[in-house]
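Q: Could you take a close look at the disulfides in this one, and walk me through what surrounds them?

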Amino acid sequence: MKSRCLVPLAAAVIAATLVGCNPQVTDDKPADSNSAPSSTASAASPAAGGPAPGAGAMTLADAIAAIPDGIERRDGYERDAFRHWIDEDNDGCPTRAEVLIDEATAKPEQGARCALTGGAWTSYYDEVDVTDPRKLDIDHVVPLAEAWDSGAYDWTPERRQAFANDIGVARSLVAVTAGSNRSKGDKDPGQWLPPAASAHCTYAADWAGTKLRWKLQVDKEEKAALLKLTKKCSETVVEFEEAAS
């Protein structure tokens with residue numbers, strides 16, 4: 001698993017008794033800074049003319065242009081279509097706990113059944129320091145409903161599960177304050193940006209990198225909002241690695 005360290009934001013980038021089983025995550029709602037480095041997994045820089053197939057590193061503007069255009073489709077969406085917070089590597093810690101452990105700025109103690117105590121975190125969406133993991137949600141940077149809308153409706157259950165528990169790269173999932181996550185809901189960057197202006201470039205890169213990693217589409221309004229961010233994020237680099245099919 002790759003490091004998820006979020007502090008400082010200028011460093012390289014692409015979110016009950018245990019907090020690992022705490023269901024405090026609501027990145028979906030019912031159907032109805034300047035330049036900062038980037039998101040997702042590290043990948044070799046592409047050769048001239050574009051990224052190598054399956055991986056790449058490019059400017060934010062080029063990354064946004066590389067995301068295929070599409071029209072969102074919400075029909076049939078259910079949050080349960082994405083099985084999440086599994087113990088993918090069978091180490092006793094579900095995905096939520098894995099992210100909390102990886103992103104801690106001061107490591108928590110790990111007890112029986114992956115119960116976490118102590119520790120410290122910084123929520124990069126709002127620049128809030130947190131010492132109680134129960135106050136943190138694990139956010140799918142691209143929300144589950146948004147993923148469904150932009151292509152996941154046509155995925156197998158296994159691929160949806162892989163997306164929902166994507167600990168293979170550092171920036172598909174991030175630990176953030178419950179308040180910031182719940183204000184986001186299932187909104188895309190055209191409808192919501194992190195409260196901290198310093199987080200905007202990182203968030204745009206995380207979003208674009210995740211969409212490229214999972215071959216998801218972008219709609220017109222979402223793309224326009226992302227392109228608007230490139231004006232202040234001209235030096236932001238998006239690195240990505242395509243998820244296995």
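A: First, the cut-off we need: a disulfide here is a pair of cysteine sulfur atoms within 2.5 Å. Keep in mind that this is a predicted model. By that rule, the count comes to two disulfides.

Start with Cys93 and Cys114, which form a disulfide with their sulfur atoms 2.0 Å apart. The torsion about their S-S bond is about 95°, so this disulfide is right-handed. The pair links distant parts of the chain, 21 residues apart. Cys93 sits in the loop between helix H1 (60-66) and helix H2 (95-103), while Cys114 sits in the loop between strand E2 (109-110) and strand E3 (116-117). As for burial, Cys93 has a relative accessible area of 1% and Cys114 comes out at 3%. Both values are under the 20% limit, so Cys93 counts as buried and so does Cys114.

Now the other one. Cys201 and Cys233 form a disulfide, again with 2.0 Å between their sulfur atoms. Here the S-S torsion is about -85°, so the disulfide is left-handed. Cys201 lies in helix H6 (residues 200-213) and Cys233 in the loop between helix H7 (220-229) and strand E8 (237-241), so the bond ties together parts that are 32 residues apart in sequence. Cys201 and Cys233 are buried too. If you number the bonded cysteines of the protein in sequence order, the pairing reads 1-2, 3-4.

Helix H2 is mostly covered, with nine of its nine residues buried.

E6 (residues 136-140) and E7 run antiparallel and are joined by five bridges, and His140 stands opposite Leu173 in E7.

On to the nonpolar packing. The largest nonpolar core has 40 residues, and those with the most contacts inside it are Leu60, Phe82, Tyr125, Ala147, Phe163, Tyr203 and Leu216. Elements giving two or more residues to this core include H1, helix H3 (144-149), helix H4 (157-164) and E7, as well as H6, H7 and E8. H6, the helix that holds Cys201, gives the largest share of this core, seven residues. A second, separate core of 16 residues includes Cys93, together with Val99, Ala104 and Leu136. As a general point, nonpolar side chains in soluble globular proteins tend to be buried together.

Leaving aside neighbours within four places in sequence, Phe163 is in contact with Phe82, His140, Val142, Leu144, Ala147, Trp155, Thr210, Trp214 and Leu216. So which residues do ring pairs link into a cluster? They are Tyr77, Phe82, Trp148, Trp155, Phe163 and Trp214. A search of the whole structure finds eleven aromatic pairs.

One last stop, back towards H6. Ala197 is found in the loop between helix H5 (178-184) and H6. With a relative accessibility of 42%, Ala197 counts as partly exposed. Along the chain, Ala197 and Tyr125 are 72 residues apart, yet their C-alpha atoms are separated by 8.6 Å.

How values were computed: Residues numbered from 1 in each chain as written. Predicted model: local features only at pLDDT ≥ 70, side-chain atom pairs only at ≥ 80, totals over all residues. Heavy atoms only, no water. Helix = DSSP H or I, 4+ residues; strand = E, 2+ residues; numbered from the N terminus. Buried < 20%, exposed > 50% of the residue type's maximum accessible area, 1.4 Å probe, protein only. Pairing = 2+ DSSP bridges. Core = buried A, V, L, I, M, F, W, Y, C linked by side-chain atoms within 4.5 Å. Contact = heavy atoms within 4.5 Å. Phe/Tyr/Trp six-rings, centres within 6.5 Å; stacked < 30°, edge-to-face > 60°.
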